[in-house]
Amino acid sequence: MSAVPEQALGLAQVRELEQRYLMRTYKRGAVDFVRGEGALLWDADGKEYLDFLTGISVCSLGHCHPAVVEAVREQAGRLIHTSNLFFTEPMVRLAQRLSDSSLGGRVFFANSGTEANECAIKIARKHAHRRGISAPEIVSFESDFHGRTYGSLSATPALARNEALGPMLPGFRSVPRNDAAALREAVGASTAAVLIEPIQGESGVNPIAEEALLAARQACDESGALLIFDEIQTGVGRTGSLWAYEQTPVRPDVLTSAKALGGGMPIGACVTAPAAAEVLEPGDHGSTFAGGPVASAAALAVLEVVDDPTLLRRVRELGELLRTGLLALDGVAEVRGRGLMIGVGLDDGIDAAALGADLLQRGLVVNVPAPSTLRLLPPLTIDAGDVDRALELLGDALVTRSP
Amino acid sequence: MSRKDRSGRHDPATAERVTSIIEAAERAAAALIDSADANAKRYLEEAEAEADRVVAARLEGMIETTDALVEQAEAIRRESERLLETVRRTGARIQPDGDGTAPAEETPLSRGKHLAAVPSGPEPAAEDSLRPAPEAPRRSENAAGARLLATQMAVSGSSRKEIEGRLRSGFEIEDTGAILDAILGPED
């Protein structure tokens, strides 16, 4: 007998239970998915959906990728958890792979993106204290999103303004997005770090200008502060390179990853360059679950597939194909992003939320991060046919909504 | 005060007391000298120990710095090997103008649209006119940024054409040949 409960409740009953027992923190789309394979999802009624969201860039290899399923199944049958009080091979192999493929320093594992950023914030503050800074500051761009735990939340200007959740942590400030001069001005003797999403995801897919990235790197070099890239959404191949910084003119000192890293298993990682590798010492940080064998095995399987020049080139090419097709649609004002991380700015008068709901009805899963923006984060494994189908569904929906 | 007899000499008791006072003074002086010697020796030892500590700490710092430099060199070596591997793996696969799976031919129209789709400059804002113009990056910073961009893109598997496009659009470098040749080798 299977230990997994049968999924036979139906949407109405699932919604009723959700409203009765779950905290009201999410507004969910009106569908209960029960199965996924590749770029497709199916609901309880057997209706098929093309998934251009992938659980917010988590299932980047598509749903239930055979390599990830096999890694999870095999590792779960052998060893699931021992804690970080002991050595486990999948964790150290994953750390080696992450370090070698990026900044070359050390790795701290977490269970999510926000936790990975908490680690980066700790590194920045301790690094600053070592430089004699008693009240270190972390500078970020307005409309950055770094997470919902208190450190990451305090570095997320839009959410940190929610006074009902206050007080926030001290030592965070922000400057307007892409304002290189304001960034230079904000970084000074008390700056611990500049924390940047190279392409802002939650605000609607907004790439940070190269001029602003260069200014951040220069300001950090001059002040001794660390440059931290939050690659939680941009990393693991999403933009057409393993890490988004590889397509920028700078190299960060610290990088955080999560989302796609585990292929659906919860895992986060904070990776340093050698110069910041020795900042955290025994007792400074920890986690019971992080770097567990199953999540690490899944992440190794993901990297084995994604860190392939052919796949990454295809991500860039399909991104270009999708971008070109989107720009040809009536109702699309602009397309932002890189690779298969795409923000679609809609013409004035088009309600993105209503369009998103309509698309879900038509069988295309997308996200609406802003009132006039759609966010597309399809699997990196899609083909040109999937792109055509998404463009057709989107085009049909836009025709009915164009003012 | 000692007492003298009529001949002017000190009486024996007085002389004995004077002698004992002088001896006591000499002992006190000797003790003072011994104490001063001991203090000086201790101060000297402490100063030597402190100097040793400072030297040791600096040596440790130098060793750490050296280790960090070695690690950085090792990271660069690993990345260079990854670049070479990438170039080896993709060399046979990458055709000069793509393999037909993508929008292979970039027409002037699609190129223009692509550029519009990926803004690289600061977004306009209502208060922009009130703010001083952003300071432009220095020329050397730009050049170093362009080289790093090209290197990182090559490491991540980007083609010569892709890197060339980014150098032109992001850095307004018209003659990209020197940078590309230095990183990818001369074009056949």
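## Strands and the open sheet

Two strands pair if DSSP finds at least two bridges between them. Helices (H or I, at least four residues) and strands (E, at least two) are DSSP runs, numbered from the N terminus. The model is predicted: local features need pLDDT of at least 70, side-chain atom pairs count only at pLDDT 80 or more, and totals for chains, interfaces and linings use all residues. Residues are numbered from 1 along each chain as its sequence is written, while chains are lettered from A and ligands numbered from 1 in the order in which they are written.

In chain A, four strands form an open sheet with the order β1-β2-β3-β15 and mixed pairing. Its edge strands are β1 (33-37) and β15 (364-365) of chain A, and each pairs on one side only. Strand β3 (residues 48-51) of chain A runs parallel to β15(A), and two bridges join them. A:L50 has A:L364 as its bridge partner in β15(A).

## Overall build of chain A

Chain A has 13 helices and 17 strands. Its radius of gyration, taken over C-alpha atoms, is 21 Å, close to the 22 Å that the globule rule gives for 403 residues, so chain A is as compact as a globular protein of that length. That rule is 2.2 Å times the number of residues to the power 0.38. The C-alpha trace of chain A spans about 60 × 55 × 45 Å along its principal axes.

A residue is buried if 20 or more other C-beta atoms lie within 10 Å of its own, exposed if 12 or fewer, and partly exposed in between, with C-beta atoms placed from the backbone. Buried residues make up 57% of the 403 in chain A. Two residues are in contact if their C-beta atoms, placed from the backbone, lie within 7 Å. Of the chain A contacts between residues at least 6 apart in sequence, 73% join residues at least 24 apart.

In helix α3 (residues 66-76) of chain A, the buried residues are A:V68, A:A71, A:V72 and A:Q75. They cover an arc (of the directions from the helix axis to the C-beta atoms) of only 95°, which puts them on the same side of α3(A). A:P66, A:R73 and A:E74 are exposed on the other side. The cover over the buried residues of α3(A) includes α4 (89-101) and α10 (293-306) of chain A.

## The nonpolar cores

A nonpolar core is a set of buried Ala, Val, Leu, Ile, Met, Phe, Trp, Tyr and Cys residues joined through C-beta atoms within 7 Å. The largest has 120 residues, of which A:V194, A:I228, A:A298 and A:V302 touch the most other members. Helix α10(A) gives the largest share, 10 residues. Domain 1 (11-64 + 309-399) and domain 2 (69-306) of chain A both give residues to this core, so it lies between them. The domain bounds come from an automatic or database domain assignment.

Apart from this core lies another, of 10 residues, including B:L149 and B:F171.

Most residues other than glycine have a negative phi, and most peptide bonds are trans. A:S57, in helix α2 (residues 54-57) of chain A, has a positive phi of about 65° although it is not a glycine. A:S57 is buried, with 25 other C-beta atoms within 10 Å.

A:K259 lies in the loop between β11 (254-257) and β12 (268-272) of chain A. Its phi is near 40°, a positive value in a residue other than glycine. The peptide bond from A:G166 to A:P167 is cis, with omega near 0°.
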